[in-house]
Structure formats: structure tokens, C-alpha cells
Amino acid sequence: MKKRKIFRWIFLLFFFFLLTAGGVGLYVWHATHSVPEFYSALEITPEKRVQAEVDSDAMELKFHNWRREIRKSSAWILTFTQDELNHWLAIAIGEKRPGIVPHQLSNPRGEILENGHIRVGVTVNAPEFQGVVSMELIPRVVEPNVVVVDFVNISVGKMKIIGPRIWGRILSKVAQDAALPIEVHWHDGTVMMTIRFRKGDLYFDNRSIELHTLHIDGKNVQLTGLIHKLK
């Protein structure tokens, strides 16, 4: 009788463990393959299509005017809205110039939050994972052509990923393998990425572009800088 009770308890515990593991696994799978609300809200629906095309054309015109102005002036300024950038990425880049974004990534979207935070997301279609990866960032320009990005959180689907050092190591490895001018470090438990644009990294029409400021106000973004002719 005692042996039967022991086996029964072992069976019940084993069944409970399988049930719990299965439930957790199902929850994790569902959470990581779900689409974040902000990402869905930024999708171009048929009802938004006309306005999205207007925004995309407006962004194209701003880039055209910006390229024309930097030929005549040493200082530049570029201002755009969240919708103009998102719809330009979706239509002018995603639909009309599909080869610019790596084929494993699609539909990049961004949302401007309070206090200078930005939430960005992208659909990943890779053998290792298929779904939406998003992150909340705080970008700032600390000196000309030096951008620091604080990673507030990183999510796969709707699940926030813990272990910022793991993501830091991944970012550092990718930057190293691609020979990108990126440094990854940690401060008070936060992953920080410093991007140092080298001379010639940013240029247009034989002119070197310097980025001096990044200002976020509401749903508007403003970039300013200087232009130098390349010798």
C-alpha cells in the first residue's frame, strides 16, 4: 500500500510538473509570437492609406529640400513628424525601394513616447525566430556625430526580455563582426550603445554631414548639424 501511495504521489507530481511546464511553455510561445499593441496601431490600414501616402510624399519632399539646402549652406535643420517617418519607411522605402532593408527584417515602425523615449519595432523573419521584436530607447547626441542610446527594455512579441547583459553581448558581437563604430557598455544596470560616426560615414554629394542635436517634442523630431566639403 505504501509503495502504491509513493508511486501515486510521484505520478501526480510528475503530471503536475508536465502540466505546469506545458502551460508556461504555451504562455511564453503565445507571448513571444503576439504583436505589441503599439506596433499594430501603427499599421497602414486601407482607411489610413491616403493619409499615409500624403505623409510619405511630405517626407520625400523634406529630404529633397534638405539635400538642396546643404549644397548652399554650412548649417542644416531637418524636422519631421512620427507619422511622416513611419509612412515614409513603409511606402517610400518598404514598397518602392524594398532592397534597402535587410530581407530578414520588415515593417520598421516607431512611436515617440514621453520624456524623449522612443519605442521601435520590426518584424523578424529568420530561421531562429519569426515575430516582432521591439525596444524602448532614449537616444541623444552627446557631441557632434556621437549618439548615445539607452536601452530601457527589449521585448519579443509582448514579452519583455530580462538579462540586459545578454542583449549587450549580442549587440557588441554584431557590431564587432560588421566592423561598425559602435561601443556597448553598462551603467547602473542599463545597456548603453555609443555610435561614433567616423569621418566620411555620413556624406552626400561630396559633403561630410555632422549631426549636432536631436530634439524630440511631442510627436516631432528635429535634427540639426553642419556640412563640410570633402577634400
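How much accessible surface does the protein chain have, and what share of that surface belongs to carbon and sulfur atoms? The accessible surface comes to about 15300 Å², and 62% of it belongs to carbon and sulfur atoms; areas come from the Shrake-Rupley method with a 1.4 Å probe, and for residues only the protein chains shown count as cover. This is a predicted model, in which local features need pLDDT of at least 70 and side-chain atom pairs count only at pLDDT 80 or more, while totals for chains, interfaces and linings use all residues. Residues are numbered from 1 along each chain as its sequence is written, and side-chain values use heavy atoms, with hydrogens and water left out.

**Overall fold**

- Five helices and 11 strands make up the secondary structure of the protein chain; helices (H or I, at least four residues) and strands (E, at least two) are DSSP runs, numbered from the N terminus.
- The chain has 231 residues, and 33% of them count as buried (buried is under 20% relative accessible area, exposed over 50%, partly exposed in between, with a 1.4 Å probe and protein chains only).
- Taking contacts (heavy atoms within 4.5 Å) with a separation of 6 or more, 50% are between residues 24 or more positions apart.

**Salt bridges**

- The structure holds eight salt bridges, each being a side-chain nitrogen of Lys or Arg within 4 Å of a carboxyl oxygen of Asp or Glu.
- One of them pairs R49 with E53, with the closest N and O atoms 3.0 Å apart. These two residues sit four apart in helix α3 (residues 49-69), so about one helical turn separates them.
- R49 is partly exposed at 26% relative accessible area, and E53 is partly exposed at 36%.
- R49 also bridges to E95, where the closest N and O atoms are 2.9 Å apart. Because R49 lies in helix α3 and E95 in the loop between α4 (82-93) and β2 (105-112), this pair ties together parts that are 46 residues apart in sequence.
- E95 is partly exposed too, with a relative accessible area of 45%.
- K62 and E84 form another salt bridge, their closest N and O atoms being 2.8 Å apart. With K62 in helix α3 and E84 in helix α4, the pair links distant parts of the chain, 22 residues apart.
- K62 counts as partly exposed at 28% relative accessibility, whereas E84 is buried at 10%.
- Through shared partners, salt bridges join R49, E53 and E95 into one network.

**Nonpolar cores**

- The largest nonpolar core has 28 residues, among which W66, W76 and F151 touch the most other members. Such a core is a set of buried Ala, Val, Leu, Ile, Met, Phe, Trp, Tyr and Cys residues joined through side-chain atoms within 4.5 Å.
- At least two residues of this core come from each of α3, β1 (75-81), α4, β4 (130-143), β5 (146-156), β8 (190-196), β10 (207-217) and β11 (220-229). β5 gives the most, with four residues.
- Leaving aside neighbours within four places in sequence, W76 is in contact with residues including W66, I70, I209, L211, L223 and I227.
- A second, separate core has six residues, including V122, V124, A126 and V156.

**Second largest pocket**

- About 310 Å³ of space lies in the second largest pocket.
- Its lining has 22 residues, of which L89, A90, G94, N107 and P108 lie nearest the centre. α4 and β2 are the elements that give two or more residues to this lining.
- On a 1 Å grid over the protein atoms alone, a pocket is an open set of points where a 1.4 Å probe fits, with protein on both sides within 12 Å along at least five of seven lines; lining residues have an atom within 4 Å of a point.
- Grid points are joined across faces, edges and corners, and a volume is the space filled by probe spheres set on the points.
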